[in-house]
Amino acid sequence: MTLVKFNPAKKNGSLMPGFNDVFDSIFNDTFFNDRLTSRVPAANISETEDHYHVELAAPGLKKEEFKLNLDRNVLNVAVEQGNENNDGAKNYSKREYSYNSWVRSFTLPESANAESIEATYTDGVLKIDIAKREEAKIVRRQIEIK
């Protein structure tokens, strides 16, 4: 016997009531939803006079799960995590495993100082600050008209 979620508030014009509910329950399951959504975090990139700033929205991670490395002028941010959801019961009716990995790569401009890159992870946001080389910093001064 299969249990199917019944939704009396849903009005469907189907000749077979409950037919659409079967498919809704299948595709609304977390197994399918987790696999259909993108796990690559969104990035914001900004620039100030002295630094380039990269912010990645990656909530729910631990800072130890991030791996940052610089290969020539490409900054790679990678995450690899496995998660086992188990409530400790020996006789369970549903058990889910999940595995998540992604890599974001950013090509640094020639004006970036590869020796001065700092990263912090706070409140679900990974912030990477990349200093500019001294010769690349914007010099502003007032020029006198003669």
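Which residues have the most contacts inside the largest nonpolar core? In this predicted model, the residues with the most contacts inside that core are Leu 61, Phe 66, Val 77, Trp 102, Leu 126, Ile 128 and Ile 130, and the core has 17 residues. Strand 2 (51-57), strand 4 (74-85), strand 5 (96-107), strand 6 (112-122) and strand 7 (125-132) are the elements that give two or more residues to this core. A nonpolar core is here a set of buried Ala, Val, Leu, Ile, Met, Phe, Trp, Tyr and Cys residues joined through side-chain atoms within 4.5 Å. Buried means under 20% relative accessible area, exposed over 50%, and partly exposed in between (1.4 Å probe, protein chains only). In soluble globular proteins, nonpolar side chains tend to be buried together.

Residues are numbered from 1 along each chain as its sequence is written, and side-chain values use heavy atoms, with hydrogens and water left out. Because the model is predicted, local features need pLDDT of at least 70 and side-chain atom pairs count only at pLDDT 80 or more, whereas totals for chains, interfaces and linings use all residues.

The secondary structure comprises two helices and seven strands, arranged along the sequence in the pattern α-α-β-β-β-β-β-β-β. Helices (H or I, at least four residues) and strands (E, at least two) are DSSP runs, numbered from the N terminus. Of the 146 residues of the protein, 19% count as buried. The mean pLDDT (the predictor's confidence in each residue, from 0 to 100) is 78, and 66% of the residues reach 70 or more. Among the elements, helix 2 (residues 30-36) has the lowest mean pLDDT, at 50, while strand 7 has the highest, at 96. With contact defined as heavy atoms within 4.5 Å, 51% of the contacts between residues at least 6 apart in sequence join residues at least 24 apart.

An open sheet of four strands shows the order 1-2-7-6 with antiparallel pairing. Strand 1 (43-47) and strand 6 each have a single partner strand and stand at the edges, so one side of each is left without a neighbour in the sheet. From one strand to the next, the twist averages 15 degrees; axes are lines fitted to C-alpha atoms, for helices over the stretch in contact, and angles run from 0 to 180 degrees between N-to-C directions. Two strands pair if DSSP finds at least two bridges between them. Strand 1 and strand 2 run antiparallel and are joined by five bridges; these two strands form a hairpin with three residues between them. Within this pairing, Ala 43 stands opposite Leu 56 of strand 2, and Glu 47 has Tyr 52 as its bridge partner. Tyr 52 also has a bridge partner in strand 7, namely Ile 130. Seven bridges join strand 2 to strand 7, and these strands likewise run antiparallel.

A search of the whole structure finds two aromatic pairs. Rings of Phe, Tyr and Trp (its six-membered ring) pair if their centres lie within 6.5 Å; planes under 30 degrees apart count as stacked, over 60 as edge-to-face and the rest as tilted. The ring centres of Phe 66 and Trp 102 are 6.3 Å apart and the planes stand at 70 degrees, so this pair is edge-to-face. Since Phe 66 lies in strand 3 (residues 66-71) and Trp 102 in strand 5, the pair ties together parts that are 36 residues apart in sequence. For Phe 66 and Tyr 121, the centres are 4.9 Å apart and the planes at 55 degrees, so the pair is tilted. Tyr 121 lies in strand 6 and Phe 66 in strand 3, so this pair ties together parts that are 55 residues apart in sequence. Phe 66 and Trp 102 are both buried, and Tyr 121 is buried as well. Phe 66, Trp 102 and Tyr 121 form one aromatic cluster.

Leaving aside neighbours within four places in sequence, Phe 66 is in contact with Ala 58, Leu 61, Val 77, Ala 78, Val 79, Trp 102, Tyr 121 and Leu 126. Ala 78 lies in strand 4 and, at 22% relative accessibility, counts as partly exposed. Not counting residues up to four places away in sequence, Ala 78 touches Glu 65, Phe 66, Lys 67, Trp 102 and Val 103. Glu 64, in the loop between strand 2 and strand 3, is exposed, with a relative accessible area of 56%. The C-alpha atoms of Glu 64 and Val 79, 15 residues apart along the chain, are separated by 9.3 Å.
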